[in-house]
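Here's a quick briefing to read alongside the model.

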Amino acid sequence: MTNQMNAVAIIITLAIASPVAAQTPSMSAQAKAAVVESLRDPDSARFRSVRYSRRPNGQTIYCGEVNARNAMGGYTGYVRFISSIAPNGTVTAEIASERNVAGSMIVNSVWGQVCDAPGVTPVTF
């Protein structure tokens, strides 16, 4: 739980900073991989509404929605995600879902401040 609370604090801190543009294809691939790794069926991932924001402290945050198959083989419906890349290259991801209460808290606590803020740039995963 401590790591999850630290993640919340980091993302909230990032949410109050203003965005600065810039990202690379390898960064978006890393962010996507972090999200896909946490899915039951990574090959079934479908993304939409993906965008990113480069923060003044060097952090790059990707926001969007992902849909993937569950254990029964059916798609679960789109849920929000946040994936971030720290200046040191550390990549993390959180997905909001009923099974992931902590992840939902993290995603929902900053969605409006970072993901819907002016200055985010659409990107394709």
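Two strands count as paired here if DSSP finds at least two bridges between them. With that in hand: this is a predicted model, and its five strands make an open, antiparallel sheet in the order E4-E3-E2-E1-E5. Five aromatic pairs turn up as well, and the side chains of Arg-51 and Tyr-75 both reach backbone oxygens, Cys-115 for Arg-51 and Ser-44 for Tyr-75.

**The sheet and its helix**

- Strands E4 (91-95) and E5 sit at the edges, and each of them pairs on one side only.
- E2 and E3 run antiparallel and are joined by seven bridges.
- If you want a spot to look at, Ile-61 has Ser-84 in E3 as its bridge partner.
- Helix H3 (residues 101-115) packs on this sheet and touches E1, E2, E3 and E4.
- The direction of H3 makes about 80° with that of E3.

**Aromatic rings**

- How many aromatic pairs are there? Counting ring centres within 6.5 Å, the total is five.
- Take Phe-47 and Phe-81: their ring centres are 5.6 Å apart and their planes stand at 85°, so this pair is edge-to-face, the label for angles over 60 degrees.
- Phe-47 belongs to strand E1 (residues 46-54) and Phe-81 to strand E3 (residues 79-85), so the pair ties together parts that lie 34 residues apart in sequence.
- Both of these phenylalanines, Phe-47 and Phe-81, are buried.
- Tyr-62 pairs with Phe-125 in a tilted arrangement, with 5.8 Å from centre to centre and 40° between the planes.
- Tyr-62 is in strand E2 (residues 60-67), while Phe-125 is in the segment after strand E5 (121-122), so here the parts tied together are 63 residues apart in sequence.
- Is Tyr-62 buried or exposed? Its relative accessibility is 0%, so Tyr-62 counts as buried, the cut-off being under 20%.
- Phe-47, Tyr-52, Tyr-62, Phe-81 and Phe-125 are linked into a cluster by ring pairs.

**Arginines over rings**

- Arg-46 has its charged end over the ring of Tyr-75, 4.1 Å from the ring centre.
- Arg-48 does likewise with Tyr-78, where the charged end is 3.9 Å from the ring centre.

**Around Arg-51**

- Arg-51 is found in strand E1.
- With a relative accessible area of 15%, Arg-51 falls under the 20% cut-off, so it is buried.
- Which backbone oxygen does the side chain of Arg-51 reach at 2.9 Å? That of Cys-115.
- A polar atom of the Arg-51 side chain also lies 2.4 Å from the backbone oxygen of Ser-49.
- Leaving out residues up to four places away in sequence, Arg-51 touches several others, including Ile-61, Tyr-62, Trp-111, Asp-116 and Val-123.

**Around Tyr-75**

- Look for Tyr-75 in the loop between E2 and E3.
- Its relative accessibility is 29%, so Tyr-75 counts as partly exposed.
- Tyr-75 and Ala-45 are 30 residues apart in sequence, with 9.2 Å between their C-alpha atoms.
- The side chain of Tyr-75 reaches the backbone oxygen of Ser-44 at 3.2 Å.
- Beyond neighbours within four places in sequence, the contacts of Tyr-75 are Ser-44, Arg-46, Asn-67, Ala-68 and Arg-69.

Methods:
Residues are numbered from 1 along each chain as its sequence is written. This is a predicted model: local features need pLDDT of at least 70, side-chain atom pairs count only at pLDDT 80 or more; totals for chains, interfaces and linings use all residues. Side-chain values use heavy atoms; hydrogens and water are left out. Rings of Phe, Tyr and Trp (its six-membered ring) pair if their centres lie within 6.5 Å; planes under 30 degrees apart count as stacked, over 60 as edge-to-face and the rest as tilted. Helices (H or I, at least four residues) and strands (E, at least two) are DSSP runs, numbered from the N terminus. Buried means under 20% relative accessible area, exposed over 50%, partly exposed in between (1.4 Å probe, protein chains only). A charge sits over a ring if NZ of Lys or CZ of Arg is within 6 Å of the ring centre and within 35 degrees of the ring normal. A polar contact is a pair of N or O atoms within 3.5 Å; within protein, one must be able to donate a hydrogen and the other to accept it, and residues adjacent in sequence count only if both atoms are side-chain atoms. Contact means heavy atoms within 4.5 Å. Axes are lines fitted to C-alpha atoms, for helices over the stretch in contact, and angles run from 0 to 180 degrees between N-to-C directions.
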